[in-house]
Amino acid sequence: MNKATNRKQDALDYHSDGRPGKIEVVPSKPTNSQRDLALAYSPGVAEPCMEIYRNPEDVYKYTAKGNLVAVISNGTAVLGLGNIGPAASKPVMEGKGLLFKIFADIDVFDLEINATTADEFVNVVKALEPTFGGVNLEDIAAPMCFEIERRLKEEMNIPVMHDDQHGTAIITSAALLNACELQHKKIEKIKLVVSGAGAAAVSCIKLYLKLGVKKENMLVFDKDGIVNVDRTDLDPMRMEFATPRKDISTLAEAMKGADVFLGLSAANVVSVAMVQSMAKNPIVFALANPDPEIAYDLAINSRKDIIMATGRSDFPNQVNNVLGFPYIFRGALDVRATSINEEMKLAAVRAIAELTKLPVPEIVHLAYKAKNLKFGKDYIIPKPIDSRLIGIVSTAVAKAAMESGVARKHITDWNAYQEELQIRLGADDKILRNLASKAKSAPKRVVFAEADNYKILKAAQIVKDEGIATPILLGNVAKIQKIILEHGIEFGDVEIIDPWQGTEESDKFADHLFQRRQRRGITLYEAKKLVRDRNYYGASMVEFGQADALISGLTKNYKSTLKPALQVIGTKPGVKKIAGMYMMLTKKGPVFLGDTTVNPDPTAQDMVDITGMINETIKEFNITPRIALLSYSNFGSNTGSVPDKMRIATALLKEKYPDMIVDGEMQANFAMNAELLQSNYPFSSLKGSPANTLIFPNLESGNVAYKLLQELGNVEAVGPILLGLNKPVHVLQMDSSVREIVNMITIAVVDAQ
């Protein structure tokens, strides 16, 4: 089974495992009592129905309409797949809905409709207007998509946008403004060559004209050649951009002296010679996917004065529609706009362009392993993980809607609105995406002590394919190879070591272990036997720099996996006790729990040491820890060994770490409810926002809490994250899922960077 076949099966498994598809509908109100159901449906539902009947605008007050977008397609132009029909387009529409949700907290129903004419399509969508706050058209073939969008915008009273057209136009327009500034070009004077004349290209051209590009300075090519006035096969939309020039017929001729090239066509249609023939300080947007019109490296090496953008994430200046459409709809919905007009699109363009010039947040630097990412040739548009996009772009769009007269609701407190937008971002697992981006920026060698297990091998293959880590597999070579073959796991070149057979390194590893443990009851003979154990051998590889991190624990208990790491590697200088921490991904953002895996009953001083390690680790995730030391008591309301210990530990922490945001002892509900804490204990240093880090008084309470949350709380647990060892070793939960293993590998790689 080759790599392409393996990835195909991964994609099929992703969509089919568990609940089929990628999205689901969940209640937003309580439903656990008869009273709840009576309010949700009959007879209580009659009350909001009559309020909406009397005042139709109240539909936004009493229903989900104001945060609900329809992603609609007839499947006639799906990605690079063409006309595959509405049913086959559904995975793409679900995927678009997922992006709306994770980037802008917008709910989506995807609708795939059997409509082969514009009339059919328009009639179906118009009839759905009472349900939705906005319509995102997707993957509809040109030229029908132009007519459909035009008619729906004219005939509907909610925002409608065909993202295939306008998304690319908006992002490339922002990139064009910034590139022209960097290249010292005036936009009204640039000579533009466009390869491709589909929906996205036409929309780009129209928006560029509004930015100041002159029609007479533009040459457009489609698959049949230059778009000129002599062509008889052009629809009215393309004829609008036809040139009267007769002296140019080929793309190579057009590129001579051109300032800007926009490619939305096919791979490798542009040569190095063409790029070299362009004007001084050229701008090349080669956006064909997956392979651009000219390869990035070829273009960059062809001349030093070029600015290059592609649609690929593995090169600088990725043109990604996710920079635009979630936030454009977010702003439009929040002011109940009747449309998405040109003013709103231009506002998004300028907001994205200006955001690029602001200092880049540390989280973006960390994710892309960049120390000084700033406005310049390799940074002309923001990165998709930039959390400021929702606040800046959505606000600009909402303001433009109000100023242009299409808003039915006016925002007066923009600071409060931006704060609300940032709170929305707590509802997803963006921290994992950011950590994955950081891991990919500098992959590390990860040794797997249990490589004769399918889930370990599958996770190792995933992180290798994703560029997160280089796996090293420990175990019986024949058994591992058999599992790889049986399951079609494609590794390519991968190192497999069987410690039981002994290696050239075994004696060195045994000697090291003996030196460390000779006064702890281990003889040299026993050390040689121990390093045949894969956990001892893997830890030794990390200790001697032959691997950067160790992952183990899937099939063994925590203590037996941790012991070899402690004996071989030991703790960091000054660390007396190691600790374990879980990251719980909740709808309100990540919450960190510790110590949940190592110390049965730490003392007050132990609590200080553990909390200090947890505090520093969370900071490395670019999150400011807000720490609550938990008990059954609130600030002295009860006495006993547990509250007394936590009260003493809090005092010691405040003395040792005066800048740490920490308080206690307190009950968990007060720690997680800022209003409750403020109203009862206004003196608390946690006032204003809830805690995001909970320190438990003993292993029992911490372990029970994270496991209950994991099973009952509809949250994802990432961990345990081991703290205090001198080198990266992470111990899995027994029977972790492949996803959980991948998450821990990602943490381990970031830990090793």
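Mentor: Start with Ser 394, which sits in helix α17, residues 388–403. Keep in mind that this is a predicted model.

Trainee: Is Ser 394 buried or exposed?

Mentor: The relative accessible area settles that. Buried means under 20%. Ser 394 has a relative accessible area of 0%, so Ser 394 is buried.

Trainee: Which residues does Ser 394 touch, leaving out those up to four places away in sequence?

Mentor: Ser 394 touches Tyr 327, Arg 330, Gly 331, Leu 389, Tyr 417 and Leu 421. One of these, Tyr 417, is also buried, at 5% relative accessibility.

Trainee: Why are Trp 414 and Tyr 417 separated by about one helical turn?

Mentor: Because they are three residues apart in helix α18, residues 414–424.

Trainee: What kind of pair do Phe 509 and Phe 544 form?

Mentor: The ring centres of Phe 509 and Phe 544 are 5.4 Å apart and the planes stand at 40°, so the pair is tilted. This pair links distant parts of the chain: Phe 509 belongs to helix α22 and Phe 544 to the loop between α24 and β14, 35 residues apart. Phe 509 is buried at 0% relative accessibility, whereas Phe 544 is partly exposed at 31%.

Trainee: Which residues do ring pairs link into a cluster?

Mentor: Phe 635, Phe 670, Tyr 681 and Phe 683 are linked in that way.

Trainee: Back to α22. How do α22 and α24 pack?

Mentor: For two helices, look at the angle and the spacing of the axes. Helix α22, residues 506–517, packs with α24 at about 90°, and the axes are 10 Å apart. The helices are therefore roughly perpendicular. On the α22 side the contact is made by Ser 506, Phe 509, His 512 and Leu 513, and on the α24 side by Tyr 536, Tyr 537, Ser 540, Met 541 and Glu 543. These residues divide into five nonpolar, three polar and one charged.

Trainee: What does α24 lie across?

Mentor: Helix α24, residues 534–543, lies across β11, β12, β13 and β14, and runs at about 160° to β14. Five strands form an open sheet with parallel pairing, in the order β13-β12-β11-β14-β21. The edge strands are β13 (495–497) and β21 (729–731), each pairing on one side only. The twist averages 25° from one strand to the next. Three bridges join β12 (residues 469–474) to β13 in the parallel sense; Leu 474 has Ile 497 of β13 as its bridge partner.

Trainee: What is the strand order in the open sheet of six strands?

Mentor: The order is β7-β6-β5-β8-β9-β10, and the pairing is mixed. At the edges stand β7 (225–226) and β10 (307–310), each with a single partner strand, so one side of each has no neighbour in the sheet. β6 (residues 218–222) pairs with β7 in the antiparallel sense over two bridges, and Phe 221 stands opposite Ile 226 in β7. Helix α8, residues 163–182, packs on this sheet and touches β8, β9 and β10, its direction making about 160° with that of β9.

Methods. Residues are numbered from 1 along each chain as its sequence is written. This is a predicted model: local features need pLDDT of at least 70, side-chain atom pairs count only at pLDDT 80 or more; totals for chains, interfaces and linings use all residues. Side-chain values use heavy atoms; hydrogens and water are left out. Helices (H or I, at least four residues) and strands (E, at least two) are DSSP runs, numbered from the N terminus. Buried means under 20% relative accessible area, exposed over 50%, partly exposed in between (1.4 Å probe, protein chains only). Contact means heavy atoms within 4.5 Å. Two strands pair if DSSP finds at least two bridges between them. Axes are lines fitted to C-alpha atoms, for helices over the stretch in contact, and angles run from 0 to 180 degrees between N-to-C directions. Angles under 35 degrees count as roughly parallel, over 145 as roughly antiparallel, 65 to 115 as roughly perpendicular and the rest as oblique. Ala, Val, Leu, Ile, Met, Phe, Trp, Tyr, Cys and Pro count as nonpolar, Asp, Glu, Lys and Arg as charged, and the others, Gly among them, as polar. Rings of Phe, Tyr and Trp (its six-membered ring) pair if their centres lie within 6.5 Å; planes under 30 degrees apart count as stacked, over 60 as edge-to-face and the rest as tilted.
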